Amino acid sequence: MSVTRLIERLLQLVPVLLGVSVIVFVMMALTPGDPVEIMIGDQLVTPEQEERMRRDLGLDRPMVERYFVFLGNALQFDFGTSFYHRRPVSDVIIERLPATIELTLMAMIIALVTAIPLGVLAAVKKNSIFDRIATVGSLLGVSLPGFWFGILLLMLFAVQLNLLPVAGRVAYEHGVTVRPITHFLLIDSLIQGQFAAFRNALAHIILPAITLGLPMTAILMRVTRTAMLEVLRADYITFAEAKGLNRQRILWRHALKNALIPTVTVAAMETGSLLGGNMIVETVFGWPGLGRLVVESIFVRNYPLVQAAVLLYAVTYVLLNFLADILYTVLNPRVKL
Amino acid sequence: MSRPLLQVRGLRTVFDTRAGRVCAVDGVDVTVEPGECLGVVGESGSGKSVTFASVMGLIRPPGRIEAGEILFDGVDLRQLSRRQMQAVRGRDIAMTMQDALTALNPALTVGTQIAEMLEAHDDELPRGGPARARAIRARAVEMLGLVGIPSPDDRLKQYPHEFSGGMRQRIMIAIALASKPRLLIADEPTTALDVTIQAQVLELIDDIRARLGMSVVLITHDLGVVAQHCDRVIVMYAGQVVEEGPTAAVIGSPRHPYTRGLLASIPRPALRGQPIRPIEGQVPELIDLPPQCRFHARCPEAGPDCLRPIEMRRVGPGRQVRCIRTPAEAGP
Amino acid sequence: MSFASDARAPADSLFRRNLRAFAANRLAFGSAIVVLIFVVMAVFAPWIAPHDPAATDLFRRLQPPAWMEGGDWAFPLGCDALGRDILSRIIYGARISIFIGVAVILVATVVGILAGLAAGYLRGWVDIVISRIVDILLGFPYLIFAIGLMAMMGPGLANIILVMAYKEWVIPCRVVRGETLAVRELEYVEAARAVGASDRHIMLREILPNILSPVLVVATIRMADVIILEAALSFLGLGVQPPTASWGAMVADGRAFILESWWVSTFPGVAILLLVLAINVASQGLRDAFDPRFSE
């Protein structure tokens with residue numbers, strides 16, 4: 001893919017991202033209730049003080065001007081102050097981000113390593129018992145409400161079998177000893193040789209990651225199966241057979257390499273939808289990430305944080321979809337951008 | 001006389017479909033002698049491609065070979081295990097397909113697609129390590145050079161879509177020939193190409209056949225191609241062979257009305273001014289065919305006596321025809 | 001007008017043939033019946049439910065299901081932390097889920113059809129504006145968009161429906177726009193234009209009836225997602241407010257008691273799963289029957 005084409009595609013993102021920022025801004029601007037009153041809460045302030053806060057926040061300015069101030073600040077990753085934490089919103093978000101990213105990546109890995117082989121097998125053994133079970137399983141996977149499935153897993157593995165912890169990211173004693181380097185607990189504990197902490201972190205992440213990854217697994221499996229079925233009918237598979245290649249090579253190299261094109265594209269897009277699932281899953285499993293923070297912030301009316309997080313999620317989502325596009329063209333030697 | 005390279009006897013290949021059992025190939029006999037080029041002609045649906053897909057063991061469900069023997073160098077391929085058959089495919093019998101654009105894997109480089117053929121079959125390669133890789137690369141370059149790809153060294157790492165249609169066809173032939181097969185089945189090798197390149201590709205096949213001493217089966221619907229390149233020809237219709245013989249004889253004096261129809265339907269410079277007459281009607285549905293001449297519905301010479309099973313009969317040296325209108329030759 | 005009736009006549013018999021194909025798919029048909037049972041449950045909830053869903057009884061706090069020790073067949077699925085009958089609450093909860101699902105899809109489909117027709121048929125700046133809005137809305141993950149808006153607008157039935165419809169209409173809009181682009185150059189549309197039919201007439205009378213199948217299929221497929229989403233919002237406390245029974249909120253209520261009273265969270269979740277699964281299977285059957293282009 002040529003660099004100019006890449007830049008052109010990046011430029012096409014600009015209007016979308018601007019539109020997204022407008023919507024996020026309007027969401028906030030239309031919020032009932034006066035942010036200053038929320039900030040003040042129970043404190044005693046004079047009307048003059050209140051007036052000054054209003055001016056400091058720029059709330060006396062016209063809407064359009066306020067939007068551009070918001071946009072300018074957002075571009076510098078400045079989202080104002082979190083009323084609740086009394087710290088900059090961006091600091092609070094950055095603090096919570098690694099946990100969310102770690103969980104999301106884990107969910108993605110689980111989805112990819114289970115969905116692709118299962119999808120390939122379902123396609124190869126089309127209409128077999130295995131294929132039918134896989135099809136039913138994937139229907140179940142997209143129909144299961146994540147928050148409920150998470151609770152079921154908790155009741156089974158944490159409460160009944162007492163195998164896994166109920167909530168959190170790592171037990172306190174390990175949390176203290178592992179020094180943050182990458183801020184990904186699994187990696188940090190591993191590179192510091194704290195295997196007990198690693199095992200503990202793994203035990204904490206496994207249920208939330210499975211819950212989060214389940215719909216993606218289901219969808220990817222279907223996509224892989226459909227793509228494989230189509231690819232297996234292609235002439236080049238017949239030609240590969242005519243060449244006398246062995247079945248494994250035909251399946252995993254000739255067929256899968258082509259079937260992966262749609263699969264990986266969908267995977268990148270579905271990773272975007274994991275972002276929304278984060279809020280649910282982190283709430284269910286008490287995972288100390290951004291998603292749970294957002295949900296909590298809504299109830300304490302910590303709107304600047306909600307606004308920043310919604311914007312961040314949306315921008316990530318747009319970029320992931322863009323990445324999916326790029327991946328499609330990179331993987332597919334036929335398509336030249 | 002030497003043993004034929006390929007001898008197919010009484011082959012019947014069927015497909016179980018929702019509409020019923022389609023008998024795509026019904027009692028076909030084919031013989032290919034070492035070093036010869038056999039032309040196989042017929043409309044689409046005549047069973048010519050299915051016949052040779054059966055020979056290659058490439059029939060997939062819902063299709064299956066129901067009856068017949070496929071003797072390659074005296075060995076019945078139908079009795080081989082899947083592994084043994086895998087070794088025959090590509091090494092002993094290779095195949096090219098109609099459209100190289102769809103037959104070459106779009107996601108693998110041309111080099112990979114040649115190399116894996118050598119990997120699978122070539123026992124003369126060094127056992128392992130960089131020597132093996134070098135040898136494979138050298139062979140791949142040699143093969144691309146053989147089929148006339150300029151600067152083959154640089155083009156190994158390119159993908160099929162980066163080549164022109166004619167070049168892709170040559171690459172497919174290079175792959176098929178990489179393990180020096182004894183029989184090449186070329187299924188409509190020129191249909192997807194334009195006329196000037198058609199001639200080049202066919203000459204290439206002729207040339208390599210002469211050099212490697214292999215046999216070629218040329219599946220085509222173009223009698224002109226057969227006339228120029230094949231020693232013998234069989235004509236297929238609705239899953240059966242209807243005429244067989246030396247090319248010159250069959251084209252010079254066709255005995256089956258269908259062969260005559262095919263000849264009349266191609267434009268030939270020699271017959272300029274004469275109208276081209278397409279054969280009226282269509283190939284019948286191959287489901288539950290009554291035991292009678294399958295061409296009779298379209299045949300200008302059909303009569304009530306055609307409504308019974310018609311056998312192949314000898315009508316000359318090496319010539320057979322499936323029509324009762326042709327007097328059988330008395331004795332050899 | 002009569003000139004187009006010929007073009008539509010086969011569409012009608014095709015519709016019936018598709019319907020028969022759907023009915024022949026036993027799994028899909030069975031699922032449709034399950035959906036129907038839920039609908040009946042929702043509509044006739046006051047007559048079906050054994051108890052008042054809001055009636056609390058602290059003596060029955062966390063009473064287990066009937067077949068367990070301490071259970072009572074008058075409260076077959078047990079009671080929640082306020083002693084309310086779980087079965088009755090599930091039956092009433094169906095009202096919320098189905099009402100919101102239907103309302104969101106209805107609003108979104110109508111808006112999506114109008115916007116999609118306008119974009120696909122009129123083209124020009126209308127198309128540009130609508131397509132831009134669609135692109136921007138697609139830039140939000142669904143749940144994030146809904147959570148953000150719900151946080152701002154506050155909970156409540158009308159707000160949930162509005163918030164979801166704000167984003168949901170994009171999907172039918174894209175389908176309708178694509179289909180409209182495909183049929184706008186067809187003969188019957190040309191014919192209508194030639195005799196001077198108005199744009200409105202052409203869009204609503206000539207094009208719309210011929211592209212309804214995919215729109216219907218998409219609407220049923222989306223219904224399942226909308227119901228899950230509503231449950232998720234309720235679970236987070238951003239949906240319908242108590243004491244109204246909603247499945248998502250019921251699951252959330254049970255979270256505090258998973259150590260000893262598993263039934264409080266489990267049964268409402270089973271209801272969501274059953275309904276959503278039935279809709280998914282039925283809509284897949286519909287898609288196979290009505291829009292074979294998309295089936296595998």
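**View 1. The contact between chain A and chain B.** In this predicted model, 18 residues of chain A are in contact with 24 residues of chain B, two residues being in contact if their C-beta atoms, placed from the backbone, lie within 7 Å. On the chain A side, α11 (235–242) and α12 (247–284) each supply at least two residues; helices (H or I, at least four residues) and strands (E, at least two) are DSSP runs, numbered from the N terminus. The largest share, seven residues, comes from α11(A). By class, this side of chain A holds seven nonpolar, five polar and six charged residues, where Ala, Val, Leu, Ile, Met, Phe, Trp, Tyr, Cys and Pro count as nonpolar, Asp, Glu, Lys and Arg as charged, and the others, Gly among them, as polar. Residues are numbered from 1 along each chain as its sequence is written, and chains are lettered from A and ligands numbered from 1 in the order in which they are written. Local features need pLDDT of at least 70 and side-chain atom pairs count only at pLDDT 80 or more, whereas totals for chains, interfaces and linings use all residues.

**View 2. The contact between chain C and chain A.** Here 36 residues of chain C are in contact with 39 residues of chain A. Helices α5 (124–138), α6 (142–153), α11 (212–235) and α13 (263–290) of chain C each supply at least two residues of the chain C side. That side comprises 26 nonpolar, six polar and four charged residues.

**View 3. Helix α8 of chain C and its surroundings.** Helix α8 (residues 170–183) of chain C has 14 residues and reaches 20 Å from its first C-alpha to its last, close to the 20 Å expected at 1.5 Å a residue; the expected span is 1.5 Å times one less than the number of residues. Of the 14 residues of α8(C), 10 are buried, meaning that 20 or more other C-beta atoms lie within 10 Å of their own. Among them are Val170(C), Cys173(C), Arg174(C), Arg177(C) and Glu179(C). The cover over the buried residues of α8(C) includes α4, α5, α7 (157–168), α10 (199–207) and α11 of chain C.

**View 4. Confidence along chain C.** The average pLDDT (the predictor's confidence in each residue, from 0 to 100) of chain C is 84, and 93% of the residues score at least 70. Over residues 1–10 of chain C the pLDDT is below 50. Where pLDDT is low, the predicted coordinates should not be read in detail.

Definitions and conventions:
Buried ≥ 20, exposed ≤ 12 C-beta atoms within 10 Å, placed from the backbone.
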